[in-house]
Amino acid sequence: MAVALVVAAGSGERLGAGRPKAFVDLAGRPMLAWSLDALHAAGISQIVVALPAGHDAPEGCIGVAGGTTRSESVRAALAAAPRGVDVVVHDAARPLVTAEHFRAALAALAGADCAIAAAPMTDTVKEAGEDRLVTATLDRQRLWAIQTPQAFRREALERALAVPDDVLAAATDDAWLVERTGGTVRVVESTPANFKVTTPHDLELAAYLLADRLPRPSAH
Ligand code: CTP
Ligand code: MG
């Protein structure tokens with residue numbers, strides 16, 4: 001059985017909703033609630049949530065105070081997690097996640113230290129210098145846009161997070177921290193539908209898509 005660490009402690013500056021992003025209303029409930037539903041549907045009931053100041057843990061979850069960076073929030077949540085089980089890390093900012101994403105990431109841990117949800121690139125990706133002149137066109141077949149969930153062998157994540165604060169602050173995902181300690185990281189194919197809510201436009205799109213998942217009143 002796995003334990004989930006849900007990071008929800010960010011302030012949501014780019015969304016600009018005047019409150020932490022994970023607690024913004026999304027199709028009638030706090031954004032965080034959608035990820036918790038998907039975890040429960042995947043049969044994962046041990047959940048630690050890294051929280052912003054002034055917010056309590058949702059029912060049935062262990063709450064911890066988040067850190068100043070995302071990875072510090074992951075480290076704080078891991079410290080409060082029950083020992084001896086695999087760990088799956090997820091951003092509350094990806095409310096369109098499904099139970100299948102969690103199942104697939106955990107299943108792909110067999111023979112790897114870490115397994116991460118990732119969408120194949122659909123755009124062509126180029127590299128350009130500061131002068132905006134293109135220096136290379138990358139081979140799209142080999143490129144993946146990385147998401148969460150990210151599943152870890154617990155020891156691999158502990159080792160990865162045991163780094164100085166400046167290294168931790170430079171990490172945009174935890175899998176990179178595993179890569180730099182020589183661990184094996186596997187990508188698990190996901191879709192762009194599991195996008196991260198960053199801007200007001202993303203929130204509008206997520207609300208439109210999630211309205212469909214709300215329980216419908218019966219016809220009688
Ligand atoms: N996060 C966190 N602790 C932090 C920073 C971020 O737990 N100190 C979480 C966010 O709550 C989010 C996820 O990490 O679920 C991804 O971060 P991001 O999308 O950047 O969210 P915010 O930091 O809240 O947004 P912004 O960068 O626009 O302020
Ligand atoms: Mg952020």
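Trainee: What order do the seven strands of the open sheet take, and what's the pairing like?
Mentor: The order is S5-S4-S1-S6-S10-S7-S11, and the pairing is mixed. Keep in mind that this is a predicted model.

Trainee: Which strands are at the edges?
Mentor: Strand S5 (62-65) and strand S11 (185-189), each of which pairs on one side only.

Trainee: And what does the twist average from one strand to the next?
Mentor: It averages 30°.

Trainee: In which sense do S4 and S5 pair, and over how many bridges?
Mentor: Strand S4, residues 46-51, pairs with S5 in the parallel sense, over four bridges. If you want a spot to look at, leucine 51 stands opposite alanine 65 in S5.

Trainee: OK, helix H2 next. Which strands does it touch?
Mentor: H2 covers residues 70-79 and packs on the sheet, where it touches strand S1 (3-7), S4, S5, strand S6 (87-91) and strand S10 (144-152). The direction of H2 makes about 145° with that of S1.

Trainee: Let's go inside. How many residues are in the largest nonpolar core, and which have the most contacts inside it?
Mentor: There are 27 residues in that core, and the ones with the most contacts inside it are Leu5, Val48, Val87, Val89, Leu157, Leu161 and Leu177.

Trainee: Which elements each supply at least two residues of this core?
Mentor: From the strands, S1, S4, S6 and strand S7 (114-120); from the helices, H2, helix H4 (154-161), helix H5 (165-170) and helix H6 (174-180). As a general point, nonpolar side chains tend to be buried together in soluble globular proteins.

Trainee: What is leucine 177 in contact with, leaving aside its neighbours within four places in sequence?
Mentor: Ser71, Ala160, Leu161, Val163, Val167, Leu168 and Ala171.

Trainee: How many residues does the second core have?
Mentor: That one is separate and has 25 residues, including Ala4, Ala22, Leu36 and Val97.

Trainee: Switching to arginine 19: where does it lie?
Mentor: Arginine 19 is in the loop between S1 and strand S2 (25-26). Its relative accessibility is 47%, so it counts as partly exposed. Leaving aside neighbours within four places in sequence, arginine 19 is in contact with Ser11 and Val24.

Trainee: Where does the largest share of the lining come from?
Mentor: From S10, with four residues. H2, S10 and H6 each supply at least two residues of the lining.

Trainee: Back to the backbone: which residues does a cis peptide bond join?
Mentor: Threonine 148 and proline 149, with omega about 10°. Proline 149 is in strand S10.

Trainee: What is phi of alanine 27?
Mentor: Near 50°, a positive value in a residue other than glycine. Most residues other than glycine have a negative phi, and most peptide bonds are trans.

Trainee: Is alanine 27 buried or exposed?
Mentor: Buried, because its relative accessible area is 19% and the cut-off for buried is under 20%. Alanine 27 sits in the loop between S2 and strand S3 (29-30).

Trainee: What about arginine 132, where does that lie?
Mentor: In the loop between strand S8 (126-128) and strand S9 (134-137). Phi of arginine 132 is near 70°, also a positive value. At 72% relative accessibility, arginine 132 counts as exposed.

Note on methods. Residues numbered from 1 in each chain as written. Chains lettered and ligands numbered in written order. Predicted model: local features only at pLDDT ≥ 70, side-chain atom pairs only at ≥ 80, totals over all residues. Heavy atoms only, no water. Pairing = 2+ DSSP bridges. Axes fitted to C-alpha atoms, helices over the stretch in contact; angles between N-to-C directions. Contact = heavy atoms within 4.5 Å. Core = buried A, V, L, I, M, F, W, Y, C linked by side-chain atoms within 4.5 Å. Buried < 20%, exposed > 50% of the residue type's maximum accessible area, 1.4 Å probe, protein only.
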